Amino acid sequence: MNGDSFDRNDYARKILNYPAMMVPSVQEPIIKTLIDALPENSTMIDPFMGASNTIITSMRYGINSFGQDINPLSLLISQVKTHIYSEDLKISFSNFKKRLSRARSEKIDVSFKNIDKWFKSEVQIELSQIRRLIIQEEDLFIRKFYWVTLAEVIRLTNNDRTSTFKMHVRTQEEIDNRNLSPKEYFEKICKRSINDIFEVKKKLIENDLLENDKYKYNVEVTWGDSKEKLNTDKKFNLLVTSPPYGDNHTTVTYGQFSYLPLQWIPVEDIDENISMNYLDVIQEIDSRSLGGKNISDYSTIEKELFRKSKTLKRFFKNFNSEERLKARKVVSFIYDLDTTIDNVLEKMMPNSFYAWTVGNRNVNNKEVENDKILTELLATKGIKNFTDLEREILSKRMPDKNNFSKTMSKEKILIYNS
C-alpha cells in the first residue's frame with residue numbers, strides 16, 4: 001500500500017502552508033484500499049482535520065465526509081478547499097487586482113497587543129489595504145478564499161521567524177533588512193491558489209463527481225473541540241486522521257502559528273458559532289487542544305490510564321519524582337486523546353475501519369510510544385489492530401530548527417477495524 005503510483009497532485013496544499021500537513025499521496029492509497037472493503041456510500045470522519053487533506057482526498061472517491069478542528073484557521077482553510085468555485089472567482093480576482101493597484105490609503109485598520117513588534121508599519125498599511133478590499137467582496141466564499149490568501153501573506157511578511165512553530169521575533173537587523181510587499185505576495189499567491197483550486201475541480205469533473213458546480217456527495221467541515229463532542233448527528237464507517245503527537249505547547253504550536261493571521265480575519269467570516277476568544281491570548285488555541293491544560297486529579301487519571309495502557313505506565317514509571325512532573329504533560333495528552341476516541345466511537349458504525357497516522361516523540365530523553373499506547377487504548381474499546389505501515393517524515397511542513405521535529409524521523413499509519 002504505497003503512494004508511488006498515485007496522483008502526486010498536491011490537492012491545493014500550497015494555498016496556506018499549514019504546519020505538519022498530512023500528505024495526500026500517502027493517504028490516498030489507504031483511503032482507496034479501505035473504501036474497496038466497505039459498502040457503497042461510505043462515510044468518513046476526521047476529528048483533527050487540520051488543513052483537510054483527508055477530506056479533499058476522500059472527495060476524489062465520492063465519499064461523504066465530515067471534519068472538525070478546534071483551530072478557526074483550520075476551519076477556514078477547509079471551507080475554501082472543500083468548496084467548488086465557479087469562474088466568478090477568476091472574475092473577482094481580475095477586478096481585485098485593479099483596485100488593489102490603485103489603493104493608496106495609509107490607514108491601519110487592525111490593532112492588537114504588540115502589533116508593531118510583529119509587523120513593520122509599511123506592512124500593516126498594505127495588509128490593511130488588502131483587508132478593506134476583501135471586506136467589500138459580496139460573495140462570502142470568495143471572501144473566505146481571499147482571507148486564506150491573506151493568512152499566507154501574513155505568514156510570509158510578519159516579523160516572526162519561520163524556522164520554528166513557536167512565535168519568536170526576528171532580530172532588529174533582520175527586520176530592517178526585510179523589505180516585503182504584502183500586495184505583491186497577495187497577487188502572486190492568489191494566482192497560484194486559483195490554479196490549484198481549479199486543478200482539484202478538474203479532477204472531480206473527470207471522476208464525474210460534480211453536478212451543476214456542486215459536489216454530488218455530502219461534505220461538512222465544522223469548528224469544535226473533539227474532546228468535548230463531535231458536532232454531527234451522522235454515523236461513519238471510516239475514520240482517517242492524524243491527531244497531534246503531543247500537547248501543542250511542546251510539539252506543534254498550531255495556535256501560535258495561527259495567532260497573527262487570525263488577528264486580521266473577522267470571525268464572522270469564518271463561523272459565527274466559534275465561542276473561543278482566541279484573539280487576546282497567544283496560547284489560547286493551544287491551551288484548549290489535547291493536553292493543553294493541567295489535570296486537577298492526576299492520581300485517579302493515571303490509575304485509569306495505566307490500566308488501559310501498560311506502555312504508558314512503563315514510560316511514566318521510568319522517571320524519578322522530579323521528572324514525572326514533566327511527564328504528566330504526556331498523561332494529560334493521552335487522557336484527552338482517550339476521551340476524544342470515546343466521542344469518535346459514538347459516531348462509528350459496526351464493522352468500521354480506522355486509519356490513524358501517529359508519530360512517537362521524546363520526553364526527558366525517553367520515547368513516548370504513541371503507536372503502542374493508541375493500540376492499547378483502542379483494544380480496551382474492542383477495536384483491534386488490522387495492520388500498520390511505517391514511513392519516513394519527508395513531506396510534512398516542519399520547521400528547520402525545532403526540538404520536536406528533530407526527535408521524529410518516522411511516523412506510523414495504524415489501521416484498525418471493529
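The legends below describe close-up views of a predicted model, in which local features need pLDDT of at least 70, side-chain atom pairs count only at pLDDT 80 or more, and totals for chains, interfaces and linings use all residues. Residues are numbered from 1 along each chain as its sequence is written, and side-chain values use heavy atoms, with hydrogens and water left out.

**View A. The buried face of helix α15.** In helix α15 (residues 370-379), the buried residues are Asn370, Asp371, Ile373, Leu374, Leu377 and Leu378, where buried means under 20% relative accessible area, exposed over 50%, and partly exposed in between (1.4 Å probe, protein chains only). Viewed down the axis of α15, these buried residues fall within an arc of 165°, so they line one face of the helix. Helices are DSSP runs of H or I with at least four residues, and strands are runs of E with at least two, numbered from the N terminus.

**View B. The salt bridge between Glu302 and Arg328.** Glu302 pairs with Arg328 in a salt bridge whose closest N and O atoms are 3.0 Å apart, a salt bridge being a side-chain nitrogen of Lys or Arg within 4 Å of a carboxyl oxygen of Asp or Glu. The pair links distant parts of the chain, with Glu302 in helix α12 (residues 298-308) and Arg328 in helix α14 (residues 321-345), 26 residues apart. Glu302 counts as buried at 9% relative accessibility, whereas Arg328, at 27%, counts as partly exposed.

**View C. A network of salt bridges.** Salt bridges link Glu304, Lys308, Asp338, Asp342 and Lys381 in a network. Within it, the closest N and O atoms of Glu304 and Lys308 are 3.6 Å apart, and those of Asp342 and Lys381 are 2.8 Å apart.

Technical notes
Arc of directions from axis to C-beta.
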